[in-house]
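Hi,

Here is the structure I promised to pass on.

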Amino acid sequence: KNWIFFQENDKKKIVKFNMNPQLHRNYTHEQIQPTSLLSPDKLEALANFNNSALTWPKDPVQWASAYYSLPSWIVARFFKYFGAEEAKRLCHLCNQRGPVTVRTNTRKLTRDQLQSSLGSDGIDVALTKYSPWGLTLVNGRPTGGVIHLEQAKQNLMELQDEGSQLIAIATGAKKGGSVLDYCAGAGGKTLALVAMMEGSGSIRAWEPHVSRRLHLKERIREYNAEDVVTVLDDLESVHEQRVDCTLVDAPCSSLGTLRRHPQLRWSVDETEATVDLPKLQREILANASVTVKENGTLVYATCSLLNEENEQVAAWFDREFGHEFEPWPHEDEPMKKIMTRTRTTTRTTAVTSTRTDGDDSESKVGDELDEHNYRHD
């Protein structure tokens with residue numbers, strides 16, 4: 001309902017027809033197939049449309065939903081969680097471009113050295129606020145993309161949001177320790193852990209989707225980390241692991257990444273995000289908890305902003321497993337937002353999970369999973 005497709009002068013165009021003047025834009029794309037052809041008089045009327053003539057909703061949630069082009073069910077939750085002013089600020093941020101951030105490969109150089117190297121190539125960068133590894137490209141995406149920069153080709157840095165870097169830091173992984181990356185995706189946090197542990201110890205990585213698992217193995221080879229990282233091929237071997245720390249970066253609605261994936265606002269279903277995915281997250285978390293050694297830690301994180309996928313999952317885990325795990329609070333912001341628990345006793349059986357070990361098309365949540373090395377906002 002928010003898009004009008006038309007053809008003009010043999011060029012196919014789409015117009016974003018939205019009450020929000022910030023989002024009223026024109027695009028040209030040769031691949032777009034118009035669903036309707038508008039007459040010149042209708043095109044002229046559209047071009048001269050005055051947003052000020054619209055009658056805006058009086059209800060604050062409906063007003064914000066219309067103005068910021070977000071589904072009312074998402075906006076209503078923002079208002080409930082954060083209050084009106086903070087919710088509107090968050091809605092505004094969801095419509096802004098996210099920063100381009102890289103993580104220094106500290107196995108090869110320091111962050112200061114990487115900053116100097118990029119500066120020598122004319123790329124202006126700034127230190128990230130929280131991560132000790134991160135650099136933000138001040139002018140955004142360079143021509144050709146980050147992956148074509150010489151520093152990326154030499155594996156001196158990885159494209160990775162600061163939030164994703166902080167999740168790796170939250171594990172508290174130490175040199176010579178053992179970690180299980182239970183939902184490894186494309187391996188961004190796996191590689192961050194390799195650097196964090198100084199290329200020592202043992203890291204096991206599990207990704208249920210076959211195509212992503214193959215890509216993960218390739219990245220590990222390119223990173224020369226095969227001596228540290230073992231990519232597991234089946235759930236049985238995953239649940240046989242006993243490690244110092246298990247990281248569960250769970251599949252989720254990804255509503256914390258709207259700056260990078262604006263289409264998610266319309267494609268994510270409310271029931272899936274608030275009922276189906278939390279059920280899956282609880283099952284995954286229960287299974288993953290089996291792999292934690294006594295006095296080890298379990299870290300749970302998502303890239304969602306929804307209470308149902310975060311606080312409510314953490315509260316459920318504490319009710320069900322509070323006799324085995326106790327909270328391990330982080331002292332500093334924003335690490336407090338990441339759920340971490342320490343095992344106090346040992347359990348030997350796993351809860352059955354509904355997540356499949358197959359091709360992407362076999363999983364209900366396959367389309368919701370993005371490349372893990374660049375999905376946390």
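Predicted model: local features only at pLDDT ≥ 70, side-chain atom pairs only at ≥ 80, totals over all residues.

Where is the place of E198? E198 sits in the loop between α8 and β9, with helices (H or I, at least four residues) and strands (E, at least two) taken as DSSP runs and numbered from the N terminus.

Residues are numbered from 1 along each chain as its sequence is written, and side-chain values use heavy atoms, with hydrogens and water left out.

E198 has a phi near 60 degrees, a positive value in a residue other than glycine. At 53% relative accessibility E198 counts as exposed (over 50% relative accessible area; buried is under 20%, partly exposed in between, with a 1.4 Å probe and protein chains only). N224 does something along those lines in the loop between α9 and β10: its phi is positive, about 55 degrees, and it is not a glycine. N224 is exposed as well, with a relative accessible area of 57%. For background, most residues other than glycine have a negative phi.

α8 itself is another story. Eight of its nine residues are buried, so α8 is largely enclosed by the rest of the structure; L191, L193 and V194 are among the buried ones.

Now the cores, meaning sets of buried Ala, Val, Leu, Ile, Met, Phe, Trp, Tyr and Cys residues joined through side-chain atoms within 4.5 Å. The largest has 26 residues, and I203, I220 and V229 touch the most other members. Elements that each supply at least two residues of this core include α7 (162-170), α9 (210-222) and β12 (292-301). The largest share, five residues, comes from α8. Beyond its neighbours within four places in sequence, I220 is in contact (heavy atoms within 4.5 Å) with T190, L191, A225, E226, V229 and V231. Another core, of 23 residues, lies apart from it, and its members include Y182, L277, L298 and F321.

Last, a helix pair. The axes of α2 (residues 60-67) and α3 (residues 72-82) come within 9 Å and cross at roughly 125 degrees; these axes are lines fitted to C-alpha atoms over the stretch in contact, and angles run from 0 to 180 degrees between N-to-C directions. The contact is made by P60, V61, Q62, A64 and S65 of α2 and S72, V75, A76 and F79 of α3.

Cheers
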